[in-house]
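Biologist: Please bring up the sequence and the model, so that we can go through them question by question.

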Amino acid sequence: MNRIGLKKVMSGIDKQQSLRKVGEMLLAADKIAVLSHMRPDGDAIGSALALARALLNLGKEVTVVNQDGVPSSLKFLPQSSMVMIPSDLNSPLCVDVTVALDTAAEERVGKSVWDAFEERGTLVNIDHHISNPGYGDVNYIDVEAPATGEIVFDLIEAMGWKLDEVMRDNIWAGISTDTGSFRFPNTTEYTFEVASQLARAGVDVGGISQSLYESYPLSRIYALRELLQEFEIGSEGRVASWKLKRSVIEEFGVEPSDTEGLIDVIRSIDSVIVAVFFEELEDGKIRVSARSKTPEADVGAICGEFGGGGHQLAAGTRMSGPIEEAALRFLKRVDEVINGNIN
Ligand SMILES: [Mn+2]
C-alpha cells in the first residue's frame, strides 16, 4: 500500500510530488469513478464536481456517484446534474481508478455505492480529515487543508491543468462551506491565496454565498424553531445541545441537508465550548454532530471513542438509539473531557 503523505504535515515540496503522483495515476486511467461521502455537504459535492470536470476536460470517462445524490440546496452548483445515485446506473461500474473525496472512512461512501462496482480499480483516497485511516491503495491526506476543495485546487495547479469556471465555482463552494465562510480557525493564509486566485478567475462571491447561505427552505426554520424548544445547556454553560426527533423531521418534511450548519446557532453562545446536535435517523440510529471551540475539548477524539471521527473542532458519529440515551452517554463523556482538561 502506497501511503502518500498520510496524516503528516507535509512540506510544499512533498505536497507537489505526492500530488503529481496522484495526477499521473489519473492521467494513466481511462475510466474513473469519483465518489464522496453520504449526506454530502458543499465540500463533498464541490470537490467531486471540480475533480470530475478536470478529468472530463482531459478526455476521461468520468462517473460521479453519491449515495444520497445532490441535496436540493446544492443543485445550483455548476454541473451538479452529473452526480448520480447508485440506482441511476445502468450497469455495474467497471473503472481503472476510483477516487474517494472528502470521505474520512471507507464505509462513509455508503454500501449501495460500493455494491454498484464490478471493478473499482485502484482506490485513491483524497481527504483532509485527521481521522482518515488511509483506506485507499493510494492516499493523499492533507490535514492542514481546510477543505478537500482546496486539495483539488492544489492538484489542478500541480498538474498544470486549466482551471475553468465549473471547477472554480465548485472549489469555492467547498472551501466556503468547510471554513464557515472563511471564519473557522482552519482558514489559513494559503486558503486566502487560493481564494484570491479563484476571485481573480472571476468567481461570483456574492452570488455563491447567497446560494449557499441565503436560500434555505422554510422547513429549515421550522426545524430550528423546534430545536430551540429542545435546547439544553449544561456543564456550567459550556456544553450546548439539542435533539431533532423523527416526529419533527416527518411533520415538517425536513431534508437531511436542511439542518446543515444549524449547530452554529448554539455554538455561537459566548460561554459554550462544545455544541452537540443529535438527530434521529430513519433507521433509528442517532446522528451526532459535535463542534468545539478549543483543541482541549477535542470532539474528534470523543467521536472516535464512539466509532466516528473527524477533526478536533468538528466531528461526528452515529450511535444506537434511543435518542435520549445516546445524548446522555455522549454528553457525559463531553463533560468528563471538559472537566478534565479545562479549568
Ligand atoms: Mn470537507
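Biologist: Which residue of E7 stands opposite valine 97?

Modeller: This is a predicted model, in which local features need pLDDT of at least 70 and side-chain atom pairs count only at pLDDT 80 or more, while totals for chains, interfaces and linings use all residues. Residues are numbered from 1 along each chain as its sequence is written, and side-chain values use heavy atoms, with hydrogens and water left out. Strand E5 (residues 97-101) runs parallel to E7, with 5 bridges between them. In E7, the residue opposite valine 97 is threonine 122.

Biologist: In what order do the 6 strands of the open sheet with parallel pairing stand?

Modeller: Strands here are DSSP runs of E with at least two residues, and helices are runs of H or I with at least four, both numbered from the N terminus; two strands pair if DSSP finds at least two bridges between them. E7 pairs with strand E8 (residues 138-141) in the parallel sense over 4 bridges, and valine 124 stands opposite valine 138 in E8. This open sheet of 6 strands has the order E3-E2-E1-E5-E7-E8.

Biologist: And which strands stand at the edges of that sheet?

Modeller: An edge strand here has a single partner strand, so one of its sides is left without a neighbour in the sheet. The two strands in that position are strand E3 (83-84) and E8.

Biologist: How many of the 6 residues of strand E7 are buried?

Modeller: Buried means under 20% relative accessible area, exposed over 50%, and partly exposed in between, with a 1.4 Å probe and protein chains only. Strand E7 (residues 122-127) is largely enclosed by the rest of the structure, because its buried residues number 5.

Biologist: What separates the closest N and O atoms of glutamate 324 and lysine 245?

Modeller: The two form a salt bridge, that is, a side-chain nitrogen of Lys or Arg within 4 Å of a carboxyl oxygen of Asp or Glu. The pair links distant parts of the chain, 79 residues apart, with glutamate 324 in helix H12 (residues 323-341) and lysine 245 in the loop between strand E10 (239-244) and helix H9 (246-252). Glutamate 324 is partly exposed, because its relative accessible area is 40%, and lysine 245 is partly exposed as well, at 21%. Their closest N and O atoms are separated by 3.5 Å.

Biologist: Which residues are linked with Glu324 in a network of salt bridges?

Modeller: By the same rule, the count of salt bridges comes to 18. The network that holds Glu324 also takes in Glu230, Glu232, Lys243 and Lys245.

Biologist: Are arginine 287 and glutamate 279 buried or exposed?

Modeller: Arginine 287 forms a salt bridge with glutamate 279, their closest N and O atoms being 3.6 Å apart. By contrast with lysine 111 and aspartate 115, which are both exposed and whose closest N and O atoms lie 2.6 Å apart in a salt bridge, arginine 287 and glutamate 279 are both buried.

Biologist: What accessible area do Leu218, Ile221 and Tyr222 have together?

Modeller: Patches are made of residues with over 30% relative accessible area and no salt bridge, like charges being joined within 9 Å and nonpolar side chains (Val, Leu, Ile, Met, Phe, Trp, Tyr) within 5 Å. Tyrosine 222 lies in helix H8 (residues 218-230) and counts as partly exposed, because its relative accessibility is 31%. Together the three residues form a nonpolar patch on the surface, with an accessible area of about 280 Å².

Conventions:
Accessible areas come from the Shrake-Rupley method with a 1.4 Å probe; for residues, only the protein chains shown count as cover.
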